[in-house]
Amino acid sequence: MRYQKNEQVGHFMDQEDVWRFTVEMYGRDGVAPLFLTLQERCGLDVNMMLFLIYLGKKGQAPHSISALEAAVKEWRANVIVPLRQTRRYLKNNPSDAAQSLRQKVKSDELQAERIEQHILCDAVQTVATSDPLAAAHAYLSPNRFDLSQAECDAAFVSLCRFMGVTNTASPLRLEP
């Protein structure tokens with residue numbers, strides 16, 4: 001296991017556990033298409049959302065979502081977004097060489113997203129929470145994204161349903 005000690009709060013964040021959780025949740029039916037729609041439509045940071053849900057699963061919430069956003073802002077802007085744009089650009093190029101390059105860029109994009117999670121693990125300062133979904137719900141809000149409250153709420157409910165996440169117990173319960 002790879003643990004990253006967060007010196008500010010004196011705890012260890014298991015980066016591999018965060019990544020396993022992300023891959024598992026993202027792979028559930030309906031999750032990826034909804035995340036990609038939100039990412040495309042309003043710039044939702046899928047990694048951030050999954051990280052916040054992971055923290056909730058552990059009975060934790062970030063002290064500041066804005067601080068986490070600031071921690072990954074430059075990485076996203078200078079690495080993840082350009083890789084994503086390049087991959088999308090190559091998608092419609094039918095040449096074998098372009099498609100081979102697209103697969104390499106896709107792999108690099110995935111690695112960059114994993115590094116973003118490491119940045120989040122390093123940056124997070126957590127507090128205990130009695131509402132394990134509060135931080136994720138607060139993140140997906142009209143204050144951050146060009147969506148109405150009703151659209152944010154509907155997307156959040158759908159994500160929770162697709163991921164099998166319920167808020168009936170603390171910490172967060174995941175349905176099989």
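In the predicted model, Thr22 is located in helix H1. The residue is buried, because its relative accessible area of 7% falls under the 20% limit used for that class. Beyond its neighbours within four places in sequence, Thr22 makes contact with Asn47, Leu50 and Gln117. Thr22 and Met49 are separated by 27 residues in sequence, and their C-alpha atoms lie 9.7 Å apart in space.

Helix H1 itself covers residues 15-26, 12 residues in total. The distance from its first C-alpha to its last is 16 Å, close to the 16 Å expected at 1.5 Å a residue. At the start of H1, the backbone nitrogen of Glu16 has a side-chain oxygen of Asp14 within 3.1 Å. Besides Thr22, the buried residues of H1 are Gln15, Glu16, Asp17, Val18, Trp19, Phe21 and Met25. In an α-helix there are 3.6 residues a turn, so residues three or four places apart point the same way.

The chain as a whole contains 7 helices and 6 strands. Read from the N terminus, the order of elements is β-β-α-α-α-β-α-α-β-α-α-β-β. Of the 176 residues in the chain, 44% are buried. When contacts between residues at least 6 apart in sequence are considered, 70% of them join residues at least 24 apart.

In soluble globular proteins, nonpolar side chains tend to be buried together. The largest nonpolar core of the present model comprises 40 residues, and Leu44, Met49, Phe51, Leu52 and Leu140 have the most contacts inside it. Two or more residues of this core come from each of H1, helix H2 (31-42), helix H3 (46-57), helix H4 (65-91), helix H5 (96-123), helix H6 (134-139) and helix H7 (149-163). The greatest contribution is that of H3, with 9 residues. A further core of 6 residues lies apart from this one and includes Ile80, Leu83, Leu90 and Val105.

Contacts of individual residues were also examined. With neighbours within four places in sequence left aside, Leu44 is in contact with Phe35, Leu38, Gln39, Arg76, Tyr139, Leu140 and Phe145. Leu159 is placed in helix H7 and counts as buried, because its relative accessibility is 1% and the limit is 20%. On the same exclusion of sequence neighbours within four places, the contacts of Leu159 are Val31, Leu34, Phe35, Leu38, Met49 and Leu140. Leu159 and Gly30 are 129 residues apart along the chain, with a C-alpha separation of 8.0 Å.

Side chains of opposite charge can pair when their charged atoms come close. The structure contains 12 salt bridges. One of these joins Arg114 to Glu16, with the closest N and O atoms 2.4 Å apart. This pair connects distant parts of the chain, since Arg114 belongs to helix H5 and Glu16 to helix H1, 98 residues away. Glu16 is among the buried residues of H1, whereas Arg114 is partly exposed, with a relative accessible area of 22%.

A salt bridge is also formed between Asp45 and Arg76, where the closest N and O atoms are 3.4 Å apart. Asp45 sits in the loop between H2 and H3 and Arg76 in helix H4, so that distant parts of the chain, 31 residues apart, are linked. Both Asp45 and Arg76 are buried.

Arg84 and Glu109 form another salt bridge, their closest N and O atoms being 3.0 Å apart. Arg84 lies in helix H4 and Glu109 in helix H5, so this pair ties together parts separated by 25 residues in sequence. Arg84 is buried, with a relative accessible area of 5%, and for Glu109, likewise buried, the value is 5%. Arg84 and Glu109 belong to a network of salt bridges that also links Arg87 and Glu113.

With a cut-off of 2.5 Å between cysteine sulfur atoms, the number of disulfides is 0. Cys121 is buried, with a relative accessible area of 0%. Cys160 is buried as well, with a relative accessible area of 9%.

Key:
Residues numbered from 1 in each chain as written. Predicted model: local features only at pLDDT ≥ 70, side-chain atom pairs only at ≥ 80, totals over all residues. Heavy atoms only, no water. Helix = DSSP H or I, 4+ residues; strand = E, 2+ residues; numbered from the N terminus. Expected span 1.5 Å × (residues − 1). Buried < 20%, exposed > 50% of the residue type's maximum accessible area, 1.4 Å probe, protein only. Polar contact = N/O pair within 3.5 Å; in protein donor to acceptor, adjacent residues only side chain to side chain. Core = buried A, V, L, I, M, F, W, Y, C linked by side-chain atoms within 4.5 Å. Contact = heavy atoms within 4.5 Å. Salt bridge = Lys/Arg side-chain N within 4 Å of Asp/Glu carboxyl O.
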